[in-house]
Amino acid sequence: MSIKDMSIKVEPLKKKDKKQTLEFFYKTITDSFKTEGLFELGMTDTCKHEINNQEKRISSSIRSGTPYYLLAKDKNLVVGTIAFGRPGKAIEKAFLQLNKSSNGVVEIFSSFVLPEYQRKGIGSLLFKAVKEEIVKRGYRLFAVNTGYKKGLKFWGEKLGKPSITLKKYYYPIDCYVWIKEIR
Ligand SMILES: CC(C)(COP(=O)(O)OP(=O)(O)OC[C@H]1O[C@@H](n2cnc3c(N)ncnc32)[C@H](O)[C@@H]1OP(=O)(O)O)[C@@H](O)C(=O)NCCC(=O)NCCS
């Protein structure tokens, strides 16, 4: 079924969504580590760390609005996410290596779609929606990073070649970073 035949809504994360969104991240992050072969590379602790990180970010978002999450829902089911906030360590490292300042830059992260809902345009819909939010707040530059092969394909299709590759940043895998103007 394509996105046109579904009634996908995009809305900001609210307190009532917390439990379901945490379950969503547990499922999508574990699935990503499985399908990308990262458990075989000994990255079990990284997987747990990523899930814990989402828990902290979601609690902070509900408490203070930062970072800012958007959810894609199919009826009441959370099927996708995207978020933005202050640049994290990988982005800061990329700016340092490029000899550029990250002042005024926002990071887009947590781009995930449930495995059974992927390749239907939901990731693209969320990216469009998050750019609108960022523009409203007056940002002109955004950065994204990924270590996932699927992420590289998705962001590569949207943004072209990465601005920089941080070799083995998520040891033993590389981290791809894009720094782009919002258009
Ligand atoms: C990356 C992700 C969010 C994309 O979401 P999605 O809803 O499947 O993306 P879309 O359907 O909008 O895809 C848009 C385009 O990106 C490219 N693309 C997306 N996933 C792809 C894949 N697995 N293989 C090849 N190209 C892909 C395609 O060009 C696609 O257009 P097409 O389907 O018409 O060919 C999703 O695959 C996901 O959750 N992956 C696991 C986590 C992840 O890698 N996150 C990325 C950053 S952390």
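Predicted model: local features only at pLDDT ≥ 70, side-chain atom pairs only at ≥ 80, totals over all residues.
Which residues of H1 are buried? Residues are numbered from 1 along each chain as its sequence is written.

View 1. Thr21, Phe24, Phe25, Thr28, Ile29, Ser32 and Phe33 are the buried residues of H1 (buried: 20 or more other C-beta atoms within 10 Å of its own, with C-beta atoms placed from the backbone; exposed: 12 or fewer; partly exposed: in between). They cover an arc of only 150° around the axis, which puts them on the same side of H1 (the arc is that of the directions from the helix axis to the C-beta atoms). Lys19 and Glu23, on the other side of H1, are exposed. Helices (H or I, at least four residues) and strands (E, at least two) are DSSP runs, numbered from the N terminus.

**View 2. The end of H1 and its cover.** Just after H1, glycine 37 adopts a positive phi of about 75°. The cover over the buried residues of H1 includes helix H2 (44-64), E2, E3 and E4 (contact: C-beta atoms, placed from the backbone, within 7 Å).

**View 3. The hairpin of E2 and E3.** Strand E2 (residues 68-74) runs antiparallel to E3, joined by seven bridges (strands pair if DSSP finds at least two bridges between them). Tyrosine 68 stands opposite phenylalanine 84 of E3. Two residues lie between the strands, and lysine 75 in the turn has a positive phi of about 55°.

**View 4. Strand E3 (residues 77-85) beside E4.** Seven of the nine residues of E3 are buried. Five antiparallel bridges pair E3 with strand E4 (residues 105-113), where glutamate 107 is the bridge partner of glycine 85.

Conventions
Contact = placed C-beta atoms within 7 Å.
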